[in-house]
Amino acid sequence: MIAQPVSTFTGPEIDWYALSPLLVLVAAAVALLVAGALTPPWPKGGYAIVTVGAATASAVLAIIQWQNISDDGPSTLVAGAVSFDLSAMFFTITICVAVALVALLTDDFLRRQALDGPEFYALYLVAAAGGIVMASANDLIVLFLGVETLSLALYVLAAADRRRSKSQESGLKYFVLGSFSSAFLLYGIALVYGATGSTNITRVVVYLQESVPLERFDALLLTGVALMMVGLAFKIAAAPFHVWTPDVYEGAPSPVSAFMASAGKVAAFGALVRVLIVALPFYREDWQPVVWVLALVSLVVGSVLAVVQTNVKRLLAYSSINHVGFVLVGIESAAHRAGAVDSGPGVPSVGVYLLAYTVMVIGSFGVVAIASRSGDDATSLDSFRGFATRRPVLAVAFTVFLLAQAGVPFTSGFIAKFGVVQAAVEERSYAIALIAMLTSVVAAFLYLRIIVTMWMSEPDDASVELAGAGTSNSWTGTLSIGLAAGFTVAVGIVPGWLLDAADDLTQFAR
Amino acid sequence: MGQYLPIIVLAVLAALFGVMTLAASHLLAPRRPSDAKEAPYECGIVPSREPPERFPVNFYIVAMLFIMFDIEIIFLYPYAIGRENLGVYGFVAIMIFSVLFFLTFVYEVARGGLDWGPVHRSRDLSADADIVSPERTSASTVRHVGLDGRPAGEEAA
């Protein structure tokens with residue numbers, strides 16, 4: 001006779017309403033997948049509209065939660081596993097914006113490729129849910145679950161263009177390198193657990209606060225921090241962990257590249273903020289120099305190597321590495337006051353940069369997706385010769401996105417770059433602020449190179465041939481690029497509301 | 001460091017065993033090579049033809065189904081044993097898990113994961129409207145052999 005154990009387990013309380021932005025995305029993904037598989041192909045744009053609806057609903061719920069958090073202060077959910085604070089909601093909204101814009105682009109893209117189906121959209125939604133879990137995790141294991149959910153969906157998406165071998169190649173490269181970096185992250189989490197006795201960020205912080213420095217397992221913990229930084233630096237594609245980026249972005253379908261460059265990086269930066277600034281402020285003197293070097297190398301590698309590229313998608317990939325450098329400048333300046341009650345202007349500047357960057361990078365890849373026609377391979381710089389005479393409106397939009405990426409005033413890019421550099425100067429990180437501004441001059445050259453190719457060079461034989469069939473696009477692509485361009489200019493002219501909202505990103509749930 | 005000693009000893013023993021086995025077989029084994037032994041995937045029989053280059057990959061979808069059910073069982077058995085202690089929370093959690101699992105199963109079957117044999121795709125016939133039009137009957141399209149139904153005068157031809 002087995003003795004009946006006394007029931008000691010009580011499940012954590014689950015605040016379903018607070019989790020609703022996440023639940024909407026997951027439910028929409030599953031519903032889309034099952035309904036899409038059981039019914040004949042939906043009318044054009046049907047899958048994309050459902051996806052945009054789900055992303056919008058999730059963003060609206062996140063805005064409502066934003067109000068609640070502003071009133072009641074940050075807290076944690078599901079027994080301390082998920083943090084419920086303004087920065088989690090800000091990253092949620094940013095990722096939802098990315099999903100909505102990319103879903104519209106994907107509809108346009110899939111119609112040209114005659115590949116329509118619900119799978120793309122369901123994977124976007126699942127990836128977004130994973131990204132939100134990453135950015136709002138309050139437990140390192142939950143963070144890892146988010147990383148895997150996001151990454152697995154992205155591996156499949158990168159290889160989703162079944163007819164192009166380059167897409168398959170990109171998916172496989174991303175899969176092999178990505179799982180390698182996930183292993184680094186997991187090993188780092190394990191070592192931090194070994195050193196502190198918990199994976200929960202709250203308990204890690206409490207342990208580090210209460211223990212005497214001599215009693216800590218510093219070697220174990222610092223090795224763990226280093227390994228976690230390797231894993232996350234790979235996910236944000238910071239140099240020197242950037243080598244996969246150009247190949248993967250070039251091979252993946254253009255809308256998927258846009259999604260990886262936007263939502264993927266936003267989520268990974270959210271996770272980086274959680275791990276470094278929230279969980280490990282006591283070791284900031286150890287990890288801050290590492291962030292400094294990552295920022296420096298990303299800034300230089302991204303801008304200098306972009307200059308010699310001849311493929312627009314590769315060029316945008318390198319420019320995204322340069323942008324990562326800028327965001328890391330923001331993280332570096334946030335590090336100065338990590339752990340304080342008011343963590344200073346660093347994290348708000350990171351938030352603004354990521355939102356502005358998300359919109360303009362999706363717009364840029366969207367124009368490339370339309371310009372590269374049905375085969376998705378006319379992405380060399382030469383194929384953009386005389387683009388302005390073929391598609392003047394698209395060329396204007398592309399010019400706006402490129403100027404924004406260069407940081408020209410009256411665009412969101414200027415506000416974003418100004419924010420991180422200002423934060424760095426405020427915290428007296430003059431050197432990295434100066435380097436960031438210098439590399440943005442180098443980077444401006446490459447954006448101008450595309451603009452000059454579009455507007456000033458005569459079309460040659462090859463690009464005249466491109467002017468033929470297959471360049472048309474549907475209203476969804478136009479809508480997505482129009483919204484992105486509108487946002488880029490609007491934030492550039494009236495930035496106050498966004499800066500005010502981001503100013504509240506300084507308090508974290510602990 | 002003392003607690004790691006068994007692991008290090010085990011690693012050294014494993015390495016020694018590997019090296020010694022290789023060395024022993026190198027020194028002791030008689031060498032009588034033949035075609036059958038040199039062939040890749042040697043099993044004693046000389047392959048008579050090249051293996052087929054393309055093969056159906058349906059098996060991997062079945063393997064995926066197997067893994068799905070495997071994972072569900074892995075979670076269901078511990079739940080079944082600990083059900084009384086886990087209470088309502090455990091029940092809700094396992095229900096969410098089961099529903100998600102079932103829906104992915106529906107997806108796979110609906111996408112043809114269990115369809116075997118040659119692929120039958122439904123085809124849109126609107127492009128072939130003139131071929132399948134009701135005007136085309138066996139009388140209008142098939143040339144009859146013999147004199148029945150032939151217009152007069154064609155007999156000579």
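This is a predicted model: local features need pLDDT of at least 70, side-chain atom pairs count only at pLDDT 80 or more; totals for chains, interfaces and linings use all residues.
**Entry 1**

Leaving aside residues up to four places away in sequence, A271(A) touches M134(A), A135(A), A137(A), L143(A), V147(A) and L232(A); two residues are in contact if their C-beta atoms, placed from the backbone, lie within 7 Å. Local features need pLDDT of at least 70 and side-chain atom pairs count only at pLDDT 80 or more, while totals for chains, interfaces and linings use all residues. Residues are numbered from 1 along each chain as its sequence is written, with chains lettered from A and ligands numbered from 1 in the order in which they are written.

I then turned to the largest nonpolar core, which has 193 residues. Such a core is a set of buried Ala, Val, Leu, Ile, Met, Phe, Trp, Tyr and Cys residues joined through C-beta atoms within 7 Å; buried means that 20 or more other C-beta atoms lie within 10 Å of a residue's own. A271(A) is among the residues with the most contacts inside the core, together with V99(A), Y124(A), L125(A) and A128(A). Helix α3 (residues 86–113) of chain A gives the most to this core, with 19 residues; helices are DSSP runs (H or I, at least four residues) and strands likewise (E, at least two), numbered from the N terminus.

**Entry 2: Helix pairs in chain A**

I examined α3(A) against helix α13 (residues 346–371) of chain A: their axes lie 10 Å apart at an angle of about 5 degrees. Axes are lines fitted to C-alpha atoms, for helices over the stretch in contact, and angles run from 0 to 180 degrees between N-to-C directions. The two helices are therefore roughly parallel (under 35 degrees). By class, their contact has 14 nonpolar, 5 polar and 1 charged residues. Ala, Val, Leu, Ile, Met, Phe, Trp, Tyr, Cys and Pro count as nonpolar, Asp, Glu, Lys and Arg as charged, and the others, Gly among them, as polar.

I next examined helix α16 (residues 412–426) and helix α17 (residues 430–455) of chain A, whose axes come within 8 Å and cross at roughly 155 degrees. α16(A) and α17(A) are therefore roughly antiparallel (over 145 degrees). From α16(A), K417(A), V421(A), A424(A) and V425(A) meet residues of α17(A) including Y430(A), I432(A) and M437(A). This contact divides into 8 nonpolar, 1 polar and 1 charged residues.

**Entry 3: Chain B**

I recorded 4 helices and 0 strands for chain B. Of its 157 residues, 1% count as buried. The contact between the chains takes 12 residues from chain B and 9 residues from chain A. On the chain B side, these are 7 nonpolar, 3 polar and 2 charged.

Key
Angles under 35 degrees count as roughly parallel, over 145 as roughly antiparallel, 65 to 115 as roughly perpendicular and the rest as oblique. A residue is buried if 20 or more other C-beta atoms lie within 10 Å of its own, exposed if 12 or fewer, and partly exposed in between; C-beta atoms are placed from the backbone.
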